[in-house]
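The explanation begins with aromatic contacts and then turns to the strands and the surface.

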Amino acid sequence: MKRLKTERDSEPDDSLEKSMAQVASALSDPSRVSILCALMDGRAWTATELSAVADIAASTTSGHLSRLLSNGLIICLTQGRHRYYSLAGYHIAGLLENLMGISMHTFKSPVSRSPAYLRYARTCYDHLAGELAVNIYEFMLQDKWLEADGTALTPDGKSHFQNLGAVLNSRPRRKSCCPCLDWSERRFHLGGDAGSALMTLFLQKEWVARTPGYREVNVTDRGRTALRRLFSLDLT
């Protein structure tokens, strides 16, 4: 027998909307945003370190971390007696990058108010972002390292990565290659597994150096020589 459709059956399932609202609410607190921005450097931090960077009490930090954990924005890793917190993945880093871009947008002035050193080179979770990364991405497109839409390395691109020593994951758990919108440049830089592999190489070769506790990245003298040669960049 055909079951009659009730008024309750006709109501839309609002579980997705509620989940979205909960995530948005978790992002609405400045202290939690400070914590998430600190974790954008791709490393794991202790609650004590996050408490210091957010300039809040340890007890308050605990509550904020629980809120971020429950909404899937961060994960907690336990090692011995210590607990470390990191972003839940590259997709959360991408969300935060996009929010930063929206937040920095102004119709009154096209000039960004973010610091020049941060606009030039910084981490975006586990890959490079900023003007430097955007210029590398543009070179890769023009030199056919990437497919036209940036979603995959070409055979030549894979060969270049191999020759550089950038190790690609044969079975990545995320996109193997993708364009990631840069919030300060409003253009794309390289994301996905390929972006991570390139950043790992730059760090191993000491072409770039992290600034402890911050997202900014500095290009070394050795790096200037290498990046100029490999990607035809003007690094004067």
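Two rings of Phe, Tyr or Trp, the last taken by its six-membered ring, count as a pair if their centres lie within 6.5 Å, and planes over 60 degrees apart make such a pair edge-to-face. In this structure, which is a predicted model, there are seven aromatic pairs. One of them joins Phe139 and Phe231, whose ring centres are 5.7 Å apart and whose planes stand at 80°, so the pair is edge-to-face. Because Phe139 belongs to helix 7 while Phe231 belongs to helix 10 (residues 221–231), this contact ties together parts of the chain that are 92 residues apart in sequence. Both partners are buried, since the relative accessible area is 16% for Phe139 and 1% for Phe231, where buried means under 20%.

Phe231 takes part in a further pair: the centres of the Phe202 and Phe231 rings are 6.4 Å apart and their planes lie at 65°, so this pair is edge-to-face. Here too distant parts of the chain are linked, with Phe202 in helix 9 (residues 192–204) and Phe231 in helix 10, 29 residues apart. Phe202 is buried, with a relative accessible area of 1%. Ring pairs then connect these residues into a cluster made of Phe139, Trp145, Phe161, Phe202, Trp207 and Phe231.

At 1.5 Å a residue, the twelve residues of helix 7 (residues 131–142) should span 16 Å, and the end C-alpha atoms are 17 Å apart, which agrees. Its buried residues are Leu132, Ala133, Val134, Ile136, Tyr137, Phe139 and Met140. After the helix comes Lys144, which has a positive phi near 65°.

In general, strands of a sheet pair through backbone hydrogen bonds, either parallel or antiparallel. An open sheet of three strands in this model has the order 1-3-2, with antiparallel pairing. Strand 1 (45–46) and strand 2 (74–79) are its edge strands, each pairing on one side only. Strand 1 is joined to strand 3 (residues 82–87) by two bridges, the two running antiparallel, and the bridge partner of Thr46 in strand 3 is Tyr84.

Elsewhere, strand 6 (residues 178–181) and strand 7 (residues 188–191) run antiparallel and are joined by four bridges. They form a hairpin with six residues between them, and in the turn Arg186 has a positive phi of about 60°. Side chains in a regular strand alternate between the two faces of the sheet. Strand 6 has a covered face with Cys178 and Cys180, and an uncovered one with Pro179 and Leu181. Cys180 stands opposite His189 in strand 7.

Conventions: Residues numbered from 1 in each chain as written. Predicted model: local features only at pLDDT ≥ 70, side-chain atom pairs only at ≥ 80, totals over all residues. Heavy atoms only, no water. Expected span 1.5 Å × (residues − 1). Buried < 20%, exposed > 50% of the residue type's maximum accessible area, 1.4 Å probe, protein only. Pairing = 2+ DSSP bridges. Phe/Tyr/Trp six-rings, centres within 6.5 Å; stacked < 30°, edge-to-face > 60°.
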